[in-house]
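Please open the structure in your viewer and keep the sequence beside it, so that each selection below can be followed in turn.

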2 protein chains.
Amino acid sequence: MLSETIAFLVEIDRLKQVDRQTKIVGERRRENAAEHSWHLAMFALVLGTRFARVDPSRVIAMLLIHDIVEIDAGDLPLHSRNVNLAAKQEREAAASQRIFGLLPPAEAGQLLCLWNEFEAGETENARFARALDRLQPLILNLQNGGGTWLENDVTEDQVVERYGSEIEPSSRELWQEVRGLVSRHFQQNSPNHRAQLKEA
Amino acid sequence: MLSETIAFLVEIDRLKQVDRQTKIVGERRRENAAEHSWHLAMFALVLGTRFARVDPSRVIAMLLIHDIVEIDAGDLPLHSRNVNLAAKQEREAAASQRIFGLLPPAEAGQLLCLWNEFEAGETENARFARALDRLQPLILNLQNGGGTWLENDVTEDQVVERYGSEIEPSSRELWQEVRGLVSRHFQQNSPNHRAQLKEA
């Protein structure tokens, strides 16, 4: 009987209506959590095992489901202030029970287990998934000339703190490469650099 | 060096701008090919091996990449008429070379191989991926009271032909369940049935 599985697959369609802060490349609009999840899975597929000793298919499964709780709990922007983390975690845990609980027990249990592993961030797979969840919006921001960093007056130090804190624990090598891109972005967008370009 | 991989990951962001015909549940707007690909991967994740002897992680990888060629070639609606299939295949093959070719050779080769397997539809994995690629818009149409079937005057026989032809070869059992949902939809939406409801 398919009815429970279909009810779940219809319910998660709503993730296509959960908007995030990051804009798609070219800045036409903000991306939603469903297309973000697809993009992240593609990051895992092509970065694979190059930077971490992981099982790519488990990382991909984690990334496909990691934001589904936002259907009930909403997206919490990375650069928002005065966040009540405990309340957020409570809302998301309740959402995970309700939404994954639509599935037959075996599948519900598997997805809950995956989601809890992602949230805890203690396994190599979860750490790599969390690293990619920071890497993707970072790449989009670089591509959009600053993106949410400009909108929120985010400094280079804050980028290092907010993105590096999730990327570096998974792979120092990956973070070193990305750190270089971030430095170059802030150098090229510093007031001094822009003044020099104007003079030239 | 990450630069080629990042160039690919930035390029495929454009899949978020390729619109399909099917509308998201609630019919607020048409879905795009990126969120469609995410939804399909979720179908594979929760239907897993229940209906076909497949490697779910390979099916998921196939579904994540199957529409990327539409960045260059566009989406061809299932119910469009007078389609030049040879020209479509040529455009998509050229797109696969250009877009997957942005990656380093090893990763480019892997994704091209996956995409060709999906297109050929000869392996169990590809057949199941193709079945899900029909099942997802079918479920959304049922949920939206007919969706693209209403818009294109599609009959029950045409649904059986256009969707069943991809779902049944992968799993007769899955198609039997889905066929029942389709019958019920067309019964409930027949002019006779609507007239009866009005009288009652």
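A salt bridge, as the term is used on this tour, is a side-chain nitrogen of Lys or Arg within 4 Å of a carboxyl oxygen of Asp or Glu. The model on screen is predicted, and between its chain B and chain A the count is two such salt bridges.

**The boundary between the chains**

Begin by selecting Glu31(B) together with Lys16(A), which form a salt bridge whose closest N and O atoms are 2.8 Å apart. Next, colour the elements of chain B that give two or more residues to the side touching chain A, namely α1 (3–11), β2 (30–32), α2 (33–47), α3 (56–65), α6 (105–120), α7 and α10 (172–188). The largest share of that side comes from α2(B), with 11 residues. Sorted by class, the side of chain B that touches chain A has 32 nonpolar, eight polar and nine charged residues.

Now show both chains as surfaces: 49 residues of chain B are in contact with 49 residues of chain A, and the area buried between the two chains is about 4,100 Å², of which carbon and sulfur atoms give 71%. Within this boundary, pick out Leu2(B), Lys16(B) and Trp38(B), which supply 18% of the area that chain B buries against chain A, more than any other three residues. Polar contacts occur here too, and those between chain B and chain A come to 22 residue pairs.

**Salt bridges within a chain**

Over all chains, the count comes to 30 salt bridges. One of them joins Glu156(A) to Arg179(A), with the closest N and O atoms 3.0 Å apart; the two residues lie 23 residues apart, in helix α9 (residues 156–167) and helix α10 (residues 172–188) of chain A, so that the pair links distant parts of the chain. Glu156(A) counts as partly exposed because its relative accessibility is 24%, and Arg179(A) is likewise partly exposed, at 25%. Elsewhere in chain A, select Glu11(A), Arg14(A), Asp72(A) and Arg98(A), which are linked in a network of salt bridges.

Move to chain B and select Asp13(B) and Lys16(B), whose side chains meet in a salt bridge at 2.6 Å, N to O. Are these two residues buried or exposed? Both Asp13(B) and Lys16(B) are buried.

Then select Glu151(B) and Lys23(B), a salt bridge with the closest N and O atoms 3.8 Å apart. Glu151(B) is in helix α8 and Lys23(B) in strand β1 (residues 19–23) of chain B, 128 residues apart, and the pair links distant parts of the chain. Glu151(B) counts as partly exposed at 39% relative accessibility, as does Lys23(B) at 23%.

**A last stop in a loop**

Finish at Asn144(B), which is found in the loop between α7 (124–143) and α8 (148–151) of chain B. Asn144(B) counts as buried because its relative accessibility is 10%, and buried means under 20%. Its contacts, not counting residues up to four places away in sequence, are Lys23(B), Ile24(B), Val25(B), Gly26(B) and Glu27(B).

Note on methods
Residues are numbered from 1 along each chain as its sequence is written. Chains are lettered from A and ligands numbered from 1 in the order in which they are written. This is a predicted model: local features need pLDDT of at least 70, side-chain atom pairs count only at pLDDT 80 or more; totals for chains, interfaces and linings use all residues. Side-chain values use heavy atoms; hydrogens and water are left out. Helices (H or I, at least four residues) and strands (E, at least two) are DSSP runs, numbered from the N terminus. Buried means under 20% relative accessible area, exposed over 50%, partly exposed in between (1.4 Å probe, protein chains only). Contact means heavy atoms within 4.5 Å. Buried area is the accessible area (1.4 Å probe) that two parts lose on being put together, summed over both. A polar contact is a pair of N or O atoms within 3.5 Å; within protein, one must be able to donate a hydrogen and the other to accept it, and residues adjacent in sequence count only if both atoms are side-chain atoms. Ala, Val, Leu, Ile, Met, Phe, Trp, Tyr, Cys and Pro count as nonpolar, Asp, Glu, Lys and Arg as charged, and the others, Gly among them, as polar.
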